[in-house]
Amino acid sequence: MCTSDEVRQLALGLPGTTEKEAWSMPTFRVAGKMFLTLPDDETSMAVRCPKEERDELVLAEPGKFWVADHEASFAWVRVRLAALDDADELRAIVVDSWRQAAPPGLLQAHPDLVVPGV
């Protein structure tokens, strides 16, 4: 089972990432753009995800992914930490979200931060 401590450590290990409390929960940002939150007593995380992909994820694995009502019109998906397969899956999800928020210059400076298949 993946924990919120692992999420925090992984997120803060990504270039340019800062943690900021917002809406009474930890949020993680790169260049000022939020890419991850730890809501729900830190048993889940919310990450950036294009709506088309998000809908496919939720349909394919509803026990792992879902969309909170207040995030339905935004490109975010929730992930149940206890449902993740392993640390590799956690890393892939967090890095993918970071890449969606990171500015081009930061992405170019860190080509090693690639998610397989993306």
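A residue is called buried when its relative accessible area is under 20% and exposed when that area is over 50%, with partly exposed residues in between. In this predicted model, Lys 64 has a relative accessible area of 4% and is therefore buried under that cut-off. Its salt-bridge partner is Asp 85, with the nitrogen and oxygen of the two side chains 3.6 Å apart. This pair links distant parts of the chain, since Lys 64 sits in the loop between α2 (51-60) and β5 (65-66) whereas Asp 85 sits in the loop between β6 (76-80) and α3 (87-101), 21 residues apart. Asp 85, with a relative accessible area of 62%, is exposed.

| Side chains | N to O distance |
|---|---|
| Glu 19 and Arg 8 | 3.2 Å |
| Arg 54 and Asp 55 | 3.6 Å |
| Lys 64 and Asp 85 | 3.6 Å |

A salt bridge also joins Glu 19 to Arg 8; because Glu 19 belongs to strand β1 (residues 17-22) and Arg 8 to helix α1 (residues 4-12), the contact ties together parts that are eleven residues apart in sequence. Glu 19 is partly exposed, its relative accessible area being 37%. Both residues take part in a network of salt bridges that also includes Asp 5 and Glu 42.

In the pair formed by Arg 54 and Asp 55, the arginine, Arg 54, counts as buried at 5% relative accessibility, while Asp 55, with a relative accessible area of 40%, is partly exposed.

How values were computed: Residues are numbered from 1 along each chain as its sequence is written. This is a predicted model: local features need pLDDT of at least 70, side-chain atom pairs count only at pLDDT 80 or more; totals for chains, interfaces and linings use all residues. Side-chain values use heavy atoms; hydrogens and water are left out. A salt bridge is a side-chain nitrogen of Lys or Arg within 4 Å of a carboxyl oxygen of Asp or Glu. Helices (H or I, at least four residues) and strands (E, at least two) are DSSP runs, numbered from the N terminus. Buried means under 20% relative accessible area, exposed over 50%, partly exposed in between (1.4 Å probe, protein chains only).
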